[in-house]
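Trainee: I would like to learn how to read this kind of entry. Please take me through it feature by feature.

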Amino acid sequence: VFMTVATPAITVVAAIIRGNDGRICLSRRPDHKHQGGRWEFPGGKVEPGEPLSAALARELEEELGMQAAISSPFMTIAHQYQDLHVTLHFRDVTAWQGEPSGCEGQQVNWFEIPELPALEFPAANRPVVTAITLPDYLAIAPDNLDLEALKAGIGRLDAARIGLYLRQWSEHAALPEILALCREKGVKVWLRASSAAWAEQLSLQGVFALHMPGSVLMDCQGRPDFAGLVSAACHSREALEKAADLGLDMALVSPVEVTASHPDRPPLGWQQAGEWITGLPLACYGLGGVSPADLETARQYGAIGVAGIRAFWPGSAPVPV
């Protein structure tokens with residue numbers, strides 16, 4: 001008879017501290033601690049019954065001397081280390097008083113977002129590092145545009161906040177020209193992988209992410225050999241778990257609400273989508289009947305962003321500032 005030994009479980013809250021200049025504040029774990037010597041998002045254990053926002057404000061005051069920190073949900077990850085089960089609630093911190101410094105003698109540094117992936121973090125933090133490099137919104141290029149209208153739209157995208165999924169354009173003859181324009185504008189591009197092997201045949205210069213439709217995900221036996229991010233379309237909990245098992249980086253979870261394109265498909269609703277998403281090591285976007293105004297709701301339910309066609313394409317609807 002095999003005995004399973006339950007590892008201790010803890011709930012932790014951790015801060016994504018964003019400076020006015022867009023940099024992120026990290027601290028280094030003391031060498032003698034679990035996962036010692038690695039960079040981490042500051043925070044600590046949540047006391048029983050303590051609200052997450054209060055726990056984080058308390059920890060930031062104790063560790064970094066930051067007072068009155070105000071935070072909102074970013075994403076939640078459950079991670080099983082060999083000796084510990086950790087549920088990590090990551091929260092965005094955008095307002096506080098005082099200058100962060102290592103009150104416990106720990107090293108504290110500010111990093112540009114592009115520097116984060118090269119740092120060494122505890123394993124449970126990796127998906128959040130990926131999520132921080134992602135835009136809040138993902139615009140899916142409409143199918144019914146001509147090339148000039150597509151290019152004009154790309155020229156109007158706010159590259160700091162919106163990524164572009166070239167769904168129907170991914171095998172278009174003008175793709176090199178479209179990608180060159182996106183590179184010039186600094187727009188992060190997702191391309192649709194028509195099969196798991198598709199990526200390996202291309203020279204994907206400047207492509208930020210590959211996106212697998214649901215059918216390609218289900219046929220996929222391993223993570224595609226692609227240097228950038230890999231994402232998948234997920235319409236079920238099984239699909240999300242498969243994406244996580246393959247070590248993918250992100251998922252488009254749909255449909256959250258009723259959509260004009262599939263009015264007969266029953267929507268998940270944010271509650272159900274949140275139950276599927278929360279805890280997985282995937283950066284998830286809600287898709288289907290959502291608009292940029294739903295970003296805060298998405299974050300409350302564990303998604304890091306929202307995606308869509310009509311409401312996100314420049315000129316079709318205003319994107320909130």
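Trainee: How are H3 and H4 oriented to each other, roughly parallel or roughly antiparallel?

Mentor: Start with the angle. This is a predicted model. In it, helix H3 (residues 147-156) packs with helix H4 (residues 175-185) at about 15°. Angles under 35 degrees count as roughly parallel. H3 and H4 are therefore roughly parallel to each other. Their axes lie 10 Å apart, and the crossing of H3 past H4 is right-handed.

Trainee: Which residues of H3 and H4 meet?

Mentor: H3 brings Leu147, Leu150, Lys151, Ile154 and Gly155. From H4 come Glu177, Ile178, Leu181, Cys182 and Lys185. By class, the residues of this contact are six nonpolar, one polar and three charged.

Trainee: How many aromatic pairs does the count give?

Mentor: A pair of aromatic rings is described by two values, the distance of the centres and the angle of the planes. The count here comes to seven aromatic pairs. Take tryptophan 39 and phenylalanine 111: the ring centres are 5.0 Å apart and the planes stand at 80°, so this pair is edge-to-face. Tryptophan 39 sits in strand S3 (residues 39-40) and phenylalanine 111 in strand S7 (residues 108-111). The pair thus links distant parts of the chain, 72 residues apart.

Trainee: Where does pLDDT stay under 50?

Mentor: Where pLDDT is low, the predicted coordinates should not be read in detail. Here that stretch is residues 317-321. The model has ten contacts beyond four places in sequence for residues 317-321. For the protein chain, the mean pLDDT is 88, and 93% of residues reach 70 or more.

Technical notes. Residues are numbered from 1 along each chain as its sequence is written. This is a predicted model: local features need pLDDT of at least 70, side-chain atom pairs count only at pLDDT 80 or more; totals for chains, interfaces and linings use all residues. Side-chain values use heavy atoms; hydrogens and water are left out. pLDDT is the predictor's confidence in each residue, from 0 to 100. Contact means heavy atoms within 4.5 Å. Axes are lines fitted to C-alpha atoms, for helices over the stretch in contact, and angles run from 0 to 180 degrees between N-to-C directions. Helices (H or I, at least four residues) and strands (E, at least two) are DSSP runs, numbered from the N terminus. Angles under 35 degrees count as roughly parallel, over 145 as roughly antiparallel, 65 to 115 as roughly perpendicular and the rest as oblique. A crossing is left-handed if the near helix is turned anticlockwise from the far one by less than a right angle, and right-handed if clockwise. Ala, Val, Leu, Ile, Met, Phe, Trp, Tyr, Cys and Pro count as nonpolar, Asp, Glu, Lys and Arg as charged, and the others, Gly among them, as polar. Rings of Phe, Tyr and Trp (its six-membered ring) pair if their centres lie within 6.5 Å; planes under 30 degrees apart count as stacked, over 60 as edge-to-face and the rest as tilted.
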